[in-house]
Amino acid sequence: MEPDESGMGASGRFNTTHWSVVLSAGKVHSPQTAEALEKLCRAYWQPLYFFARRKGRNDADAKDLTQQFFSSLLQRNDFVGLDPGQGRFRTFLLVSFTNFLANEYDRANALKRGGGQTLVSLDALSEDQIGQFESSPNALPGPAFDRHWAASVLSQALAKLKSECATNQKSHQFDLLKPYLTSEGGASDYAGMAEKLAVAPSSVPVLVHRFRQRYRELVREEVAQTLSSPSDLEAEMRHLFEVLNS
């Protein structure tokens, strides 16, 4: 059976993921390895940006340092010696970026002055995200990283759910059901929803249940992309929910 893009086969088996592809590459930087790493970097740059801010960097420096860190990852192989059976991309990111901030700040500034590779747009921060950062000035760097990592996971899963609905010509359904991912609906809510969806009122709870179930599946698949072993998935999911509930 062929693995799907998430790395989870239709039978529920844990197949290759973006991170396992990177780890298994060893010293060979193939196009597949570069593509897998770039997808991870694009999805999870925001936690590192906010980590740098918590470390005292201003907005411009945090963006430059994050950009240069990811650019250097794509140009070098920093994965030799990591245990493919235990590797978590989240852990690798935080440890590597902490070392980068401590040891390579001058080099990063030199790259900034001379120009560098643009990997992702670091201006893609919403006003709400900046506002949340500014409103919690006492947050520690480590917990801040975890919170933004968790938010990135949910954001990526939601984007995939939206894309799936659009592909299936259900964008209207997505827009109507999205609020019920995080809140419960009452009988009156469902009655109004049934009218908007042109379905029987009894069908709305079923649609909401399936919508939530698919979202949970996509969250698990998104987390799986950052792991190299199925044995890590449940622990990483527990950590995700602990962060979200903290």
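Tutor: Buried means under 20% relative accessible area, exposed means over 50%, and partly exposed is in between, using a 1.4 Å probe and protein chains only. Keep in mind that this is a predicted model, where local features need pLDDT of at least 70, side-chain atom pairs count only at pLDDT 80 or more, and totals for chains, interfaces and linings use all residues. Residues are numbered from 1 along each chain as its sequence is written, and side-chain values use heavy atoms, with hydrogens and water left out.

Student: What makes Arg-214 and Glu-217 a salt bridge?

Tutor: A salt bridge is a side-chain nitrogen of Lys or Arg within 4 Å of a carboxyl oxygen of Asp or Glu. For Arg-214 and Glu-217 the N to O distance is 3.0 Å, so the pair meets the cut-off of 4 Å. Glu-217 is partly exposed, with a relative accessible area of 36%.

Student: Why are Arg-214 and Glu-217 separated by about one helical turn?

Tutor: Because they are 3 residues apart in helix H11. Helices are DSSP runs of H or I with at least four residues, strands are runs of E with at least two, and both are numbered from the N terminus. An α-helix has 3.6 residues a turn, so residues three or four places apart point the same way. Arg-214 also meets Glu-221 in a salt bridge, at 3.8 Å from N to O. Glu-221 is buried, with a relative accessible area of 14%.

Student: What makes Trp-19 and Phe-92 a tilted aromatic pair?

Tutor: Rings of Phe, Tyr and Trp (its six-membered ring) pair if their centres lie within 6.5 Å; planes under 30 degrees apart count as stacked, over 60 as edge-to-face and the rest as tilted. Here the centres are 5.3 Å apart, with 40° between the planes, so the pair falls into the tilted class. Trp-19 lies in helix H1 and Phe-92 in helix H5, so the pair ties together parts that are 73 residues apart in sequence. Both Trp-19 and Phe-92 are buried.

Student: How do you know that the span of helix H4 agrees with what it should be?

Tutor: The expected span of a helix is 1.5 Å times one less than its number of residues. For the 17 residues of H4, that should be 24 Å, and the end C-alpha atoms are 25 Å apart, which agrees. H4 is also mostly covered, with 13 of its 17 residues buried.
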